[in-house]
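Colleague: I am new to this structure and would like to learn how to read its pockets. Could you walk me through them?

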Amino acid sequence: MDHSGHGMMHMDMPPFTLGRALQFSSEPFFMIGCLLGLGLYGWGVVRLRRRGDAWPAGRTVAFVLGVLTVALMMCTKLNDYGMVMFSVHMVQHMVISMLSPILLLLGAPVTLALRALPAAGRGRKGPREWLVALLHSRYMRVITHPAFTIPLFIASLYALYFTPLFDFLMGSRTGHIAMMVHFLAVGLVFFWPIMGVDPGPHRPGYVMRMLELFAGMPFHAFFGIALMMATEPMIGTYMHPPASLGIDPLDDQKAGGGIAWAFSEIPSVIVLLALVFQWYRSEQRQARRIDRNADRDGDKELAAYNAYLASLQTKGR
């Protein structure tokens, strides 16, 4: 198998520049997937609006940005360079597994689908009923449980890059697409319970979510450090880059390790901000609920507490 990136296709690639990397380069699978995602989401939002229901603009923006980050990584020349440069591949991996999923989840696509899809009627099963059944299934409970998602998140790095599996997958376009889909899927199941925007089988409390978030990150940082400290190229696919690129494979690997190490912090900060904001909002809602109850019952709780204090005083006399 030729590991210099699908045969002779990349042999005369010019040196990497951002301008060249951002040129359009079709990857039909991801192109169709991105357009389909945007189309379905748009259909859901329009359907809600026509019904007179509101849908937060922020969610739409987050989802569109999420889809665009996937398109940017997979439907530009970045994807071609990622075949022959480990550092570029690492940018793709980090964005698709850690940034795109967070943005997509902030768009609350499951909530949108549940609200937009019509109910099938009594005794019948339509897309909405199938989605509800899937959300409540044992399968979903397993794949979104931290005991599954955290090891999977870690194994996606170590078991892939430090075994022959990576070279095998990079040997064909299908293998490469499968790997990128896997990165996206792992990111989605890892961050779904942590973000807690969409309904799911696991709804841990805010502190638990933060612990889950930070459980995976040190492994990510260590993976990056291991690559940066290596004294020889570790991944077969990138050992012999095309001469036209003018790069040293070990330097390129160290750059990739640096990207993996630095990037592990970025999603943590975004998710942490989102969690703190959600926490604050839920506390506000709770406070408003208590105020409403107090208005309704003339603040019985406070009156009872005052009576209790008064009874203590009379006892103390």
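Modeller: Happy to! The largest pocket of this predicted model has a volume of about 990 Å³. Of its 31 lining residues, Gly37, Phe63, Leu104, Pro109 and Leu188 are the closest to its centre. A pocket is an open set of points on a 1 Å grid over the protein atoms alone, where a 1.4 Å probe fits, with protein on both sides within 12 Å along at least five of seven lines; lining residues have an atom within 4 Å of a point. Points are joined across faces, edges and corners, and the volume is the space filled by probe spheres set on them.

Modeller: Residues are numbered from 1 along each chain as its sequence is written. Local features need pLDDT of at least 70, side-chain atom pairs pLDDT 80 or more, while totals for chains, interfaces and linings use all residues, and side-chain values use heavy atoms, without hydrogens and water.

Colleague: Which helix supplies the largest share of the lining of the largest pocket?

Modeller: Helices are DSSP runs (H or I, at least four residues), numbered from the N terminus. Here α2 leads with ten residues; α2 (28-51), α3 (57-74) and α11 (173-195) are among the elements supplying at least two each.

Colleague: How do the residues of that lining divide by class?

Modeller: Ala, Val, Leu, Ile, Met, Phe, Trp, Tyr, Cys and Pro count as nonpolar, Asp, Glu, Lys and Arg as charged, the others, Gly among them, as polar. This lining has 28 nonpolar, three polar and no charged residues.

Colleague: What classes line the second largest pocket?

Modeller: Six nonpolar, three polar and five charged residues. Arg59 and Arg281 are among those nearest its centre, and α14 gives the most, five residues.
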